[in-house]
Amino acid sequence: MAALFRRAMDFLYLLCVIVGCTALVAISAVIPWAVFTRYVLNSAASWPEPTAVLLTIVLTFIGAAAGYRLNLHMSVAYFANKLPPPLRRATEILVQLLMALIALFMVIWGERLVEITWYNTIPDFPSLSVGVTYLPIPIGGVCLLLFVIERIFLGVPPDPIGKHSETAPFE
């Protein structure tokens, strides 16, 4: 059962990475287009800025969950690492429980935000619901919660890239 859950989390992680990277690439394409239309064509397009904001929301909440899974986020563990092993483990569990609380907050209040704003529209995209734009919050919260559960019960997942040596390309 543990191996099946770990594989499911590997798949979810990969999905989060693909979504986050796609959002980042799209942002990298949209912003130069906005600059081009404004300064070269002298006719600024109205859609690039809100599109970049919406993609940033996706990148932030979905990408952050993926980053959390492999400890790619900033953390200050100096004092925790100085604790004796039993206290260090208790501190790690406390941190995971606090992260689960944050994830639950994102799921519950994010879902309420989606529900409240579902019938509102964005002026630049009249066919797009504001609620849809907030969906990455509860979705990211669910992903984060699953990654916390994985870490509590199965430990830190192995690095999917693995250890590799950094050598100069022309040696």
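I take helices (H or I, at least four residues) and strands (E, at least two) as DSSP runs, numbered from the N terminus. The model is predicted, and I kept to its rules: local features need pLDDT of at least 70, side-chain atom pairs count only at pLDDT 80 or more, and totals for chains, interfaces and linings use all residues. Residues are numbered from 1 along each chain as its sequence is written, and side-chain values use heavy atoms, with hydrogens and water left out.

Pockets. I looked these up on a 1 Å grid over the protein atoms alone, where a pocket is an open set of points that has protein on both sides within 12 Å along at least five of seven lines, and lining residues have an atom within 4 Å of a point.

I started with the second largest pocket, to which H1 gives the most lining, with five residues. Its lining includes Ile 31, Arg 38, Tyr 39, Pro 48 and Glu 49, and helix H1 (2-39) and helix H2 (48-69) are the elements that give two or more residues to it.

I then turned to the largest pocket, which holds about 490 Å³ of space, a volume being the space filled by probe spheres set on grid points joined across faces, edges and corners. Of its 22 lining residues, I noted Asn 71, Glu 92, Val 95, Gln 96 and Arg 151 as the closest to its centre. H4 gives the most to this lining, with eight residues.

Strands. I found that S1 (residues 121-122) and S2 (residues 125-129) pair in the antiparallel sense over two bridges, pairing being called when DSSP finds at least two bridges between two strands. Thr 121 has Ser 129 of S2 as its bridge partner, and a hairpin joins S1 to S2 through two residues.

Methods. On a 1 Å grid over the protein atoms alone, a cavity is a set of points where a 1.4 Å probe fits but cannot get out, and a pocket is an open set with protein on both sides within 12 Å along at least five of seven lines; lining residues have an atom within 4 Å of a point.
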